[in-house]
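Me: I have a protein model open and want to learn to read it. Can we go through some features together?

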Amino acid sequence: MDKPYQGKLLLNEPLARYTSWRIGGPADRLYMPADKADLVAFLQHVDEGEAVFWLGLGSNVLIRDGGIRGTVINTKGRLKTMQLIDSATIYVEVGVPCAHVARFCTDLGLTGAEFMAGIPGTLGGALKMNAGAFGGETWSIVDTVEVVSRQGGVAERKKSQFDIAYRSIKGLADNEWFLSAVLQLQKGDPSSSIQKIKGLLEQRAETQPINKPTCGSVFKNPQGDYAARLIESCGLKGHQIGGACVSEKHANFIENRGDARAEDVEALIALIQSKVKEIHGVQLHTEVCTIGEPG
Ligand SMILES: Cc1cc2nc3c(=O)[nH]c(=O)nc-3n(C[C@H](O)[C@H](O)[C@H](O)COP(=O)(O)OP(=O)(O)OC[C@H]3O[C@@H](n4cnc5c(N)ncnc54)[C@H](O)[C@@H]3O)c2cc1C
């Protein structure tokens with residue numbers, strides 16, 4: 001790149017510190033944009049052949065030990081504008097943490113985003129994953145989104161232009177990412193939203209190892225069942241490979257016990273899949289996104 005940019009560019013940057021699993025080899029280049037315009041300008045000047053990846057809060061990715069050949073755009077702490085644009089409509093940039101969206105709506109007396117309170121990712125990651133919890137899911141409150149292409153072209157898309165499914169959406173082109181969204185909420189009562197959030201957070205703390213390095217649920221729930229139930233019934237709670245261990249608290253979580261490598265996690269994922277298939281005849285599919293080169 002020969003053009004100036006205002007964000008922060010780091011070379012050969014280890015990515016473990018950018019993921020909730022605390023796992024991941026180095027990125028050739030990690031870019032933290034100054035703002036939306038700067039990010040667009042940066043993309044316009046990234047070399048044609050360079051691979052580009054996006055990372056929000058890294059709470060749903062497994063980055064392999066060999067790291068990432070190419071440029072990683074990291075929106076953590078960036079692209080964080082959030083505004084009320086109408087009585088029950090808000091504009092949110094993708095670097096805003098989901099918990100802040102929930103709080104912002106509650107403070108404004110808007111209901112519908114409470115489920116986001118305990119999701120430890122950015123709005124961008126939540127849009128990509130159609131993140132959800134306790135009956136709510138991200139795309140149920142989306143009105144429109146703004147996307148950016150690999151070349152820095154920006155476009156607005158309506159919700160109807162996407163196929164929305166459980167923990168996934170179709171409709172983003174390859175090398176296209178979310179920049180912002182307009183979310184549609186309803187008028188509500190702040191105190192009941194606060195109570196709801198409190199209840200959801202308590203329930204999470206009781207059932208999930210929220211203080212351990214994990215990526216949340218590793219597998220999607222199969223139709224009509226729960227991945228955690230299937231894994232637990234195979235006797236896999238506490239099963240460990242290297243530093244990666246099936247959580248004793250929630251069997252669909254894999255904890256990094258301190259020195260886990262991505263290859264430990266991948267081996268544990270493969271073992272869980274084969275045991276669940278052998279015992280229950282069910283193929284578990286991962287929710288977590290695995291990227292990068294083997295170590
Ligand atoms: C303790 C814990 C609890 C969790 N609980 C839940 C839960 O209840 N429900 C749930 O759904 N998930 C849950 N998760 C998983 C995770 O928090 C969500 O999937 C979250 O939405 C991911 O956001 P992120 O910013 O961390 O994305 P990342 O992990 O950084 O990225 C995830 C994917 O999104 C892509 N991405 C990131 N930003 C953008 C963007 N702007 N445009 C396009 N693609 C983008 C990345 O390239 C990657 O493919 C949990 C995770 C943890 C650690």
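Predicted model: local features only at pLDDT ≥ 70, side-chain atom pairs only at ≥ 80, totals over all residues.

Me: How are helices and strands defined, and how many does the protein chain have?

Reply: They are DSSP runs, numbered from the N terminus: helices are H or I with at least four residues, strands are E with at least two. The protein chain has six helices and 20 strands.

Me: How does its radius of gyration relate to the globule rule?

Reply: The radius is taken over C-alpha atoms, and the rule is 2.2 Å times the number of residues to the power 0.38. The protein chain has a radius of gyration of 19 Å, close to the 19 Å that the rule gives for 295 residues, so it is as compact as a globular protein of that length. Along the principal axes, its C-alpha atoms fill a box of roughly 50 × 50 × 30 Å.

Me: Which residues does His250 touch?

Reply: Contact means heavy atoms within 4.5 Å. Not counting residues up to four places away in sequence, His250 touches Thr207, Gln208, Pro209, Ala228 and Lys237. Now take the whole protein chain: among contacts between residues at least 6 apart in sequence, 63% join residues at least 24 apart.

Me: Where is Trp54, and what is it in contact with?

Reply: Trp54 belongs to strand β3 (residues 52-55). Its relative accessible area is 18%, so Trp54 is buried. Leave aside neighbours within four places in sequence, and its contacts are Leu39, Leu43, Ile73, Thr75, Val94, Val148, Trp177, Phe178 and Leu179.

Me: Which side chain makes a polar contact with that of Glu176?

Reply: A polar contact is a pair of N or O atoms within 3.5 Å; within protein, one must be able to donate a hydrogen and the other to accept it, and residues adjacent in sequence count only if both atoms are side-chain atoms. For the Glu176 side chain, the partner is the side chain of Arg157, at 2.8 Å. Glu176 is in strand β15 (residues 176-184). With 10% relative accessibility, Glu176 counts as buried. Beyond its neighbours within four places in sequence, Glu176 is in contact with Val147, Val148, Ser149, Arg157 and Gly171.

Me: What is phi at Leu79 and at Phe134?

Reply: Phi of Leu79 is near 45°, a positive value in a residue other than glycine. For Phe134, also a residue other than glycine, phi is positive too, near 50°. Leu79 lies in the loop between β5 (68-74) and β6 (82-86), and Phe134 in the loop between β9 (132-133) and β10 (136-137).

Me: Are these two buried or partly exposed?

Reply: Apply the cut-offs again. Leu79 has 3% relative accessibility and counts as buried. Phe134, at 39%, counts as partly exposed.

Key:
Residues numbered from 1 in each chain as written. Heavy atoms only, no water. Buried < 20%, exposed > 50% of the residue type's maximum accessible area, 1.4 Å probe, protein only.
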